[in-house]
Amino acid sequence: MFSYRHGFHAGNHADVLKHMVLIAVLKHLTAKPTPISVVDTHAGAGLYRLDSDFAGTSGEAQDGIVKLLASPLAAAPPPLLADYLELIATFNPKGKPKIYPGSPFVTQALLRQDVKDKLWLFELHPTDSKSLATHVEQLHAGRQVNLKREDGFDGLRAHVPPVQRRGLVLIDPSYEIKTDYQRVATAIQESLKKFPTGTYMVWYPVIPRPEAHELPRRLKTLATQAGKSWLHAVLNIGQKPETPGEPPANKGLTASGVFLVNPPHTLKPALQQVLPALVEVLGRGRGQSQVIEAGG
Ligand code: SAM
């Protein structure tokens with residue numbers, strides 16, 4: 001536990017998918033004038049430097065946001081991607097991507113002070129929760145943003161249903177421990193009973209592990225049993241060709257997925273417009289692919 005630090009992965013292909021979808025969901029929810037509540041069960045440090053020792057060690061942003069920004073797609077992006085790139089640009093006014101916003105900052109950028117939207121953040125890592133607190137302070141967001149160094153799955157129980165009766169639950173664990181997969185499914189099942197109209201978004205890694213493979217299937221079953229609509233999207237950047245005599249080119253995660261319950265009805269067509277183009281740009285070769293499926 002606690003060997004995962006999101007700083008090593010910030011701005012990678014998985015963050016591109018996750019944060020692009022997160023923005024789309026929040027834009028939809030904030031289009032109505034009534035307040036919303038967002039619970040981010042696994043918040044991370046909030047802001048990341050792409051030129052830090054962390055990010056530099058793995059260089060994962062190079063195969064994510066950095067590659068995307070350098071591509072022709074960034075010059076003429078489809079709407080979903082345009083919103084994402086616009087938000088990233090607000091953190092990097094000089095152009096070159098140096099700062100990458102994590103989910104707390106992506107979310108806060110879309111919340112409204114005047115209608116009293118609220119954000120609840122949970123982060124258990126001692127160092128990352130301290131960094132998150134420092135970063136959040138700089139926002140001067142007052143009571144809009146609430147931070148707790150607690151277990152996010154436990155914290156979630158106390159925050160559904162939210163008083164606002166509208167909102168989003170983002171569950172984005174590091175899956176360092178196998179039980180995270182089970183805890184995600186249980187959290188969705190329990191929360192849907194208490195807050196059936198909420199929107200839920202789960203991120204997961206596509207890795208050769210039975211629990212990871214099983215998770216989207218379990219979530220589909222849970223959503224269907226609850227009579228709720230769902231959407232599942234996967235971005236797989238595939239494998240780079242190996243060069244003989246050089247270090248292995250394919251370390252790290254090649255694919256990840258997001259699973260949503262009660263997604264905006266506009267999300268599926270918007271993803272159909274953008275995901276194939278993203279695979280073209282971020283794809284590294286063998287196995288690159290995408291999935292968009294929905295039901296309910
Ligand atoms: N949501 C963040 C984003 O998109 O920028 C990234 C989060 S990262 C994938 C997962 C985070 O969850 C890590 O920072 C880790 O320390 C934290 N974590 C792990 N187990 C946790 C738990 N049970 N409750 C709260 N946070 C936890």
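This is a short walk through one structure, from its core to its ligand and then to some single residues. Keep in mind that the model is predicted.

I'll start with the core. The largest nonpolar core counts 87 residues. Helix H1, residues 13–29, supplies the largest share of this core, with 11 residues. Inside the core, the residues with the most contacts are Leu68, Tyr84 and Leu271. As background, nonpolar side chains in soluble globular proteins tend to be buried together.

Take Leu68 from that list. Setting aside neighbours within four places in sequence, Leu68 is in contact with Val16, Leu73, Ala74, Leu81, Tyr84, Leu85, Leu278, Val281 and Leu282. So which residue makes a polar contact with the side chain of Tyr84? That is Tyr100, through its own side chain, at 2.8 Å.

Tyr100 is in strand E3, residues 99–101. Its relative accessibility is 1%, so Tyr100 counts as buried, the cut-off being under 20%. Not counting residues up to four places away in sequence, Tyr100 touches Ala10, Gly11, Asp15, Val16, His19, Gly46, Leu47, Tyr48, Leu50, Ile65, Tyr84 and Ile88. Tyr100 and Leu68 are 32 residues apart in sequence, and their C-alpha atoms are 13 Å apart in space.

Next, helix H5, residues 103–110. Why is H5 described as largely enclosed by the rest of the structure? Because seven of its eight residues are buried. The buried ones are Ser103, Pro104, Phe105, Val106, Thr107, Gln108 and Leu110.

Ser103 is one of the residues that come nearest the ligand, and Leu110 is in contact with Thr30.

Let me do Thr30 while we are there. Thr30 sits in the loop between H1 and strand E1, which spans 37–40. Thr30 is buried, with a relative accessible area of 16%. A polar atom of the Thr30 side chain lies 2.6 Å from the backbone oxygen of Leu26. Beyond four places in sequence, the contacts of Thr30 are Ile36, Leu110, Arg112 and Asp117.

Now the ligand. How many residues are around the ligand, and which come nearest? There are 21, and the nearest are His42, Ser103, Glu123, Gly152 and Asp172. By class, this shell has five nonpolar, 10 polar and six charged residues.

On individual atoms, a polar side-chain atom of His19 is 2.9 Å from a ligand oxygen. The ligand taken alone exposes 610 Å², and the protein buries 98% of that.

Some backbone geometry. The peptide bond from Val160 to Pro161 is cis, with omega near -5°. Pro161 belongs to the loop between helix H7, 152–159, and strand E6, 167–171. Arg165 lies in the loop between H7 and E6 too. Arg165 is not a glycine, yet has a positive phi of about 60°.

Tyr175 also has a positive phi, about 55°, and is not a glycine either. Tyr175 is in the loop between E6 and helix H8, 179–194. Are these residues buried or exposed? Arg165 counts as exposed, at 54% relative accessibility, while Tyr175 is buried, with a relative accessible area of 5%.

Val279 is in H10 and is buried, at 6% relative accessible area. Leaving out neighbours within four places in sequence, Val279 is in contact with Leu235, Asn236, Gln288, Ser289 and Gln290.

Arg286 is in the loop between H10, 267–282, and strand E10, 289–295. Arg286 is exposed, with 62% relative accessible area. Asn236, a contact of Val279, is 50 residues from Arg286 in sequence and 10.0 Å away in space, C-alpha to C-alpha.

That is the end of the tour.

Terms used:
Residues numbered from 1 in each chain as written. Predicted model: local features only at pLDDT ≥ 70, side-chain atom pairs only at ≥ 80, totals over all residues. Heavy atoms only, no water. Core = buried A, V, L, I, M, F, W, Y, C linked by side-chain atoms within 4.5 Å. Buried < 20%, exposed > 50% of the residue type's maximum accessible area, 1.4 Å probe, protein only. Helix = DSSP H or I, 4+ residues; strand = E, 2+ residues; numbered from the N terminus. Contact = heavy atoms within 4.5 Å. Near = heavy atom within 4 Å. Polar contact = N/O pair within 3.5 Å; in protein donor to acceptor, adjacent residues only side chain to side chain. Areas by Shrake-Rupley, 256 points an atom, 1.4 Å probe, with all protein chains shown as cover. Nonpolar A, V, L, I, M, F, W, Y, C, P; charged D, E, K, R; others polar.
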